Each structure stands twice: as structure tokens, then as C-alpha cells.
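Here is a short briefing for a reader who is new to this structure. Please look over the sequence and the model, then read on.

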Amino acid sequence: MNHLPEAWGRPRNDVYGTYDASYLQSSMPNQHTQSPIVTGTSVVALKFNGGVVIAADNLASYGSLARFTNVERLKQVGTHTVVGAGGDISDMQYLHEKLLDSLIIKEEYQNDGHHLRASHIYRYLSKVLYQRRCKFDPLWNTLLVAGWDDGKPFLASADLLGTTFSAPALATGFGAHLAVPLLRRVCPDEAAVENITREQAVDTIEECMKVLFYRDARSLSKYSLAIITGKDVEGAAECEAKNQSWKFAEGIRGYGTQVV
Amino acid sequence: MFRNNYDNDSVTFSPQGRIFQVEYALEAIKQGSVAVGLVSKTHAVLVALKRNAEELGSYQKKIIGIDTHLGVALAGLAPDARVLSNFMRQQSMSSRLLYNRPVPISRVVNAIANKAQVNTQHYGRRPYGVGLLVAGVDETGPHLWEFQPSGMVLEYKGAAIGARSQSARTYLERAFEEFVDSNREELVLHGLKALRDSLAQDKELTTANTTVSVVGIGENFKLYDGDEVGEWLEKLGNVQSSRGGRTGEEAVESMDTSE
Amino acid sequence: MSLPFMQPLGYDQSYSFHTPTSKASGGYTQHSFNPYTDNGGTIIGITGEDFVVLAGDTRHTSGYNINSRTEKKVYRLGEDNSLVLATVGFGADSKDVAETMMRAVNDFKFNHNLKNMSVSAAAQYLSTFLYGNRFFPKYANCVLAGLDKDGRARLYSYDSVGSYSKQGESRASAGSASSLIVPFLDNQVEFKNQFVPSSKGQEERPVVPLDPVTVAKLVKDAFTSATERHIEVGDGLQIITVTKDGVSEEVVDLKKD
């Protein structure tokens, strides 16, 4: 058997034709990311009186293929911050596991009573994303940073271009179209945050995750949810979209097992 | 004749385990005029005595603002202090831009300490010839740090550096119990009293030779120089060393006539 | 190598900008990264004799989406000076320009014995900075204002590569609805096409500096009108007024539809 990599999975040239190994040549210039490869879809988050709820499903898609169904897209950073990422999964993993981990390790090694909070981490990430876009080598993500900062809930967004903004209810990707209207119904402005209870916020986010699962083809019913309060971060992995109703599908051809 | 063979550079220990170049650098601090720093639970204060090299010359700069939450007082080579304070400003600005956070005082102090230490371990380099008192407020409250050319930094409740600073330290040690709980105004006056005690017998605090700065929780770094110091000297009253002397108003008046 | 799947939504759907997707000769679709987007919004600036007003709406958009209703576009360049800067266009570049200016003004202060940067110096610095990025422009349209050493109002406006008029201007507008607002300001601030009533259209109405109350009205009228006619303008209106007594900020509501 031929063990050269160009022969992997292609045992017979006479059947399949010669393998196109042109991409293995390294004479080509380095390519920067021009489009994301394995992607995560929406992240949704909502402030409430005393904290923030944030959620993202556990799917990593390869195009339209549901490639990995157990990917964690929420990451706790420090004691009172959660960073949720949509977009390219490998870029997300670089951000989460290389940049943010070492950022927190360096901060905590100082052991001087100072800790990075949500707004600090958000500024850092925004700068990283903007610098990378200026190098024409973007990290292909949209991030939501949720946390408890200076006695108040904190929620803000940053994307691959370095665009930054903040609002009491945010959602990335498909969620910007489907979830934001649901969230804004509960929380139209910053003043409304005061009247939103934790339970209400969680219910609203759960509803959003359900709607997104219904209507976003690159989404999953399994998702992670985190609640950040002044006390701590409570994480709930392996949430399942509740109270689903697919009744409408009964009369539609193409859903489920069709007899005729 | 005796000649010290171990003070040509800062990388050679003497047989007694000393590095003379570093010790000489510490001496440079004592050539500078006195600077005093002290902290309460809410404020950090720096006061310093300025010298003019010549009768017709201007007075030196003793306190340098670094950022809105942070400043330094110096004793020793002023150019070295300028280089260090420019570096601290860079650190402070980077912290604001990259993390949206005023730089923690201990971090910026450690940053200059590391710079200073490098100079004590490389052939052909000269240790900084300046001591600094760094006063500032961060999330953990008001702080006062002392920086030395050896690279040593220590946090203090009250500290004094420069010529005749022992008298100021003696005052601070005695007044400590009082000033830790004092308010803004009382803290500045304690600082001025410490400064006053380190004056030479025939000298007094004037608006020309005294400089004051205050920073507090929720209050930006404020530098009082020239005429602005007048109000503090008036509140202080006696502007001569505790051996007795004239009141603040008289001193201000005598200033006017003499210049 | 191209991969035949779509980009996730949210990156390329921009209303006034769109990601170029070209068909190369081989029939492959080539995607390229577009480093710019337009986040909408509008700013205006009007001077009086000894005061100046800068204002901008607080809506932040991506395409047809409203990202936030509370993103401010007008920045003070320091706490103890009269300098204000409004930037509009691509949000990330706009904030970078504003931050660069804040840093420059702060550095100037520390390097010049705590003296504040003059408004004309800040104006020249901003031009130099923008032109320094001539070959990868900051997609930010700026209006800079402040009081000069005599207390007179100064206002400068820039294109994205830094061209500006050293004389300054009496009024300026930039951003998505500027084409709606500029003719309004021409008429109401410069009195363009206004004539002395008795002259039968022969004598132009003399231009006089406006008072603060009139300017405040003009600003609000300009934005309520722009909100009606432009989808990227609305939500809130941030107004910063610079006078010799200091700098004040006000945020009023605009329609949120």
C-alpha cells in the first residue's frame, strides 16, 4: 500500500484519476482567512436586574453539515465574565484557549488584588479583533461579552471587523434577526433592565433558543446557558430546547417519515 | 593610598557582597531636596521642597503628574525621573487603551523597578540616580510606593526621601496614628508639617519652594504649584521648622517683598 | 481552493456596503475579506460666535439591523479642554480615530507642561493622522470643534483621508443623512437663498452668528427630519455644547422606528 499522504483514501488512480496534489505545493504565498470553515451560529444574551443571561448552542457546522454537536461556545473568563462566540470555531478556540487563558493566567500570577473584569476583557478582545482586521487577517468571529462589572450587568458585542457596540439585549448571527425582536419585547432599553427578573430573563433566552432551533438550519436544540450575577457564574451545559411543538409539520410532505 | 577597586561598574560585587555603583546611586537621592508622601484611607498626598540652582533661575520640578489617578515626587537626578515618568505615562496610557482600566499602582511601580534592576546587572550601564515616591489611587484604594535605583520598591503609609528626610520621617512616624484616618485637608497639612520639619534652620516654606499634590478615591490627581500653594501655607500657619518661626501670612508677604 | 458553502449570515448583509464576491475565470467563486462596513448614523456641527454645538444620533446599524440604540458618536478629547470630535462611518475606524485623538491631546498636555492643545493644532493633527492612513484609509468622517485662545468657536470637517479647511467652517454635517441635512443648514445657518424681504430678491439676507437657542432648535429639527426620511438615523440624539463656561452634554429622544 502506498503510504504517501497524497494517496490517503485514494487507493486506485486508475479508478478515480490521479490525485490533485497541487495544494500541497508550498510555493504559494500564505493565505489569510477569506471565509470561515467550521462555524458556530448565534449567541444570545439579555441583561436582568442583578446579572446577565447568555446562551449559545453546541453545534459546529461544516457548511451545511452538522459536523460537531458537542462544542462549547461559551467560555468563562475570570470570575464574573463569560465570552460567547459565533463564527469560525478554530478562531474561537484560538481566542478562548490561547489568548484569554493566558490573559487570565498572567493577570492572576500578579497576585496583587487586581482582576480583569468584563469591560476590561471586552476592550482587550475588541482591540485584538480590530488589529487583526487591520492586518487583513481577521479572526472570523462575532463575540458577546457578558459579565458583572462595577456593580452592574455588562453586555457588549465585538465582531471580526472590530465593530463594537453595547445594548441590554444582544444576539449575533441569525439571532440578530430572529432573537433580537423577542428580546427587545422584554427589554426595549436600559431602563427596562431594572424590571426584569432572573427567571424572566432565563425564560426569554430559552424561548429564543427554541425559536432559533425552529428556524435556523445551522442550529441545534442542545445548548449551553450561563447566568452571571454579582455572586458568580452559573453555567448550565446540555440544555435542551423545551416545549417544542412540531404539530405544524404533520400535514406537510417532506417532514419525518413519509408513507407515500 | 586607599582606592576602592570594586566600584567601577555595577556588575562586580565587592568581597563584602556590596555593589558600590548601586549604593552611590542611592547617595544621589540624598543630594536631592526632600519629598514627602503619605496616605490616608481615602487620599494619597505628595509634598516636596523645590530648590532653585541660582537666585535668578527657576525652581526645579519635584512632582510630576502621570495620569489622572497617579503622580510621582522625585529626589535626585531630575532627567532620570523624567525618563521614568515618561515610561510610566506610556504604561498608563497602554492600560487605558488596551484594557480600559487605569493602571494599578503596584503594576506600574513594578514596571519601573524591573527597568531599574536591569541597569544593576549589565556591564556599561548606569543605575538610575533618582528615588521616586509614587502616589495614586486604584481599585484597591490609595497607595504610596517608594522606588529606589537598586530596583527595590516598597509600599508605605508615609515616606520621605532626599536631603534631611529623616526629620520628615520622624514626624510621620509620630503622626501616623492621626493621619491614617484624617481627611483630605488634614492629610495635606500633615504632609506639610513633615516637610517643614526637614527644613534647614534658616529656611521656610514659601509659595515658590513648596509644591503639593493630592489624589483621592473618586478625585483626580491635582497639583498645587506657585500661588495655589498659598492657601495651604495659610492653613499650615507656621512655615518654619518646628523650632519655631513665623506664620504663613507673614511668610507669603515676605516672599512678595523679596522677589 | 474554494468551498461551496455560504457565509454565516450577519457578516455580509450590509445595506449600504456589500461584500464583493467575484467569479474568477475558472468558474470558482472567490470570496474576499472586506475590512469595511458602514454603521450608519449622522453628525452635525454648528458654530455661534463664542459657542459650538456638535451632535450625532445614537443609532448603530449593520444593514437593516439596529445593533444598538445608545451608541454615542460625539467624544470629548479630554476632561479639561474645549475639544470635541464627532465621527461617523465605519464604527470601528471611527472609535479608533477618536481614541487616537484623545491620546494625542493627552500626550500633548503632558509633553507641554500641562498646556492644552489648541483647537487649530488638534485640527492639523487629525488631518495628518488621517492622511497617514491614506493607503488604508480610516473610513470615518470627522467633525472637530472647540474654542480658540480668544474664546471664538472653531469647527473643522474632514473627509476620510484628512482633507480639511484651515479657516474652519460655520456648520458641517457628515454621515448617512448628511445629504438631507446640508442644504437645510445652508439655508438656516448661512442664509443661502434668503433675501431681504423689501429687496424683491435682489439683496441677500446678511449672515449673522446664531444664538444658542436657535442653534439648539436647528439641531433638533435637522435630526427629527432626518429620522423621518433616513432608516439609519434615529433612536437618540446626543448634543454636546461647548461654551467658555464649559462643555455640557444632553441626550434627547428621537423616533425609534
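Are B:Tyr224 and B:Trp232 buried or exposed? Both are buried, where buried means under 20% relative accessible area, exposed means over 50%, and partly exposed lies in between (1.4 Å probe, protein chains only).

This is a predicted model: local features need pLDDT of at least 70, side-chain atom pairs count only at pLDDT 80 or more, and totals for chains, interfaces and linings use all residues. Residues are numbered from 1 along each chain as its sequence is written, chains are lettered from A and ligands numbered from 1 in the order in which they are written, and side-chain values use heavy atoms, with hydrogens and water left out.

**Chains A and C**

- Chain A has five helices and 13 strands. Helices (H or I, at least four residues) and strands (E, at least two) are DSSP runs, numbered from the N terminus.
- The C-alpha trace of chain A spans about 70 × 60 × 30 Å along its principal axes.
- Chain A holds 260 residues, and 51% of them count as buried.
- Take the contacts (heavy atoms within 4.5 Å) in chain A with a separation of 6 or more: residues 24 or more positions apart account for 61% of them.
- Chain C has four helices and 13 strands. Of its 257 residues, 50% count as buried.
- In chain C, 58% of the contacts between residues at least 6 apart in sequence join residues at least 24 apart.

**Aromatic rings and charges**

- Over all chains, the structure holds 15 aromatic pairs. One of them joins B:Tyr224 and B:Trp232, with 5.6 Å centre to centre and 85 degrees between the planes, which is edge-to-face.
- Rings of Phe, Tyr and Trp (its six-membered ring) pair if their centres lie within 6.5 Å; planes under 30 degrees apart count as stacked, over 60 as edge-to-face and the rest as tilted.
- B:Trp232 also has B:Lys235 over its face, at 4.7 Å from the ring centre. A charge sits over a ring if NZ of Lys or CZ of Arg is within 6 Å of the ring centre and within 35 degrees of the ring normal.
- One aromatic cluster is formed by A:Phe136, A:Trp140, C:Phe33, C:Tyr36, C:Phe90, C:Phe136 and C:Tyr139.
- C:Tyr36 has the charged end of A:Arg133 over its ring, 5.3 Å from the centre.

**Positive phi angles**

- Most residues other than glycine have a negative phi.
- B:Arg164 is not a glycine, yet its phi is positive, about 55 degrees. B:Arg164 lies in the loop between β8 (158-161) and α4 (165-179) of chain B. B:Arg164 is partly exposed, with a relative accessible area of 45%.
- C:Leu114 also has a positive phi, near 65 degrees. Its place is the loop between α1 (91-111) and α2 (119-132) of chain C. C:Leu114 is partly exposed at 44% relative accessibility.

**Helix α2 of chain C**

- α2(C) has 14 residues and reaches 20 Å from its first C-alpha to its last, close to the 20 Å expected at 1.5 Å a residue. The expected span is 1.5 Å times one less than the number of residues.
- Its buried residues are C:Val119, C:Ala122, C:Ala123, C:Leu126, C:Ser127, C:Phe129 and C:Leu130. They cover an arc of only 165 degrees around the axis, so they lie on the same side of α2(C). The arc is that of the directions from the helix axis to the C-beta atoms.
- The cover over these buried residues includes β8 (84-89), α1, β9 (140-147) and β10 (153-157) of chain C.

**Helix α4 of chain A and A:Thr204**

- In α4(A), the buried residues include A:Leu182 and A:Leu183. What covers the buried residues of α4(A) includes α5 of chain A and β6 (65-68) of chain C.
- A:Thr204 is in helix α5 (residues 198-215) of chain A. A:Thr204 is buried, at 11% relative accessibility.
- Not counting residues up to four places away in sequence, A:Thr204 touches A:Leu46, A:Leu182, A:Leu183 and A:Val186.
- The side chain of A:Thr204 reaches the backbone oxygen of A:Gln200 at 2.7 Å.

Conventions: A polar contact is a pair of N or O atoms within 3.5 Å; within protein, one must be able to donate a hydrogen and the other to accept it, and residues adjacent in sequence count only if both atoms are side-chain atoms.
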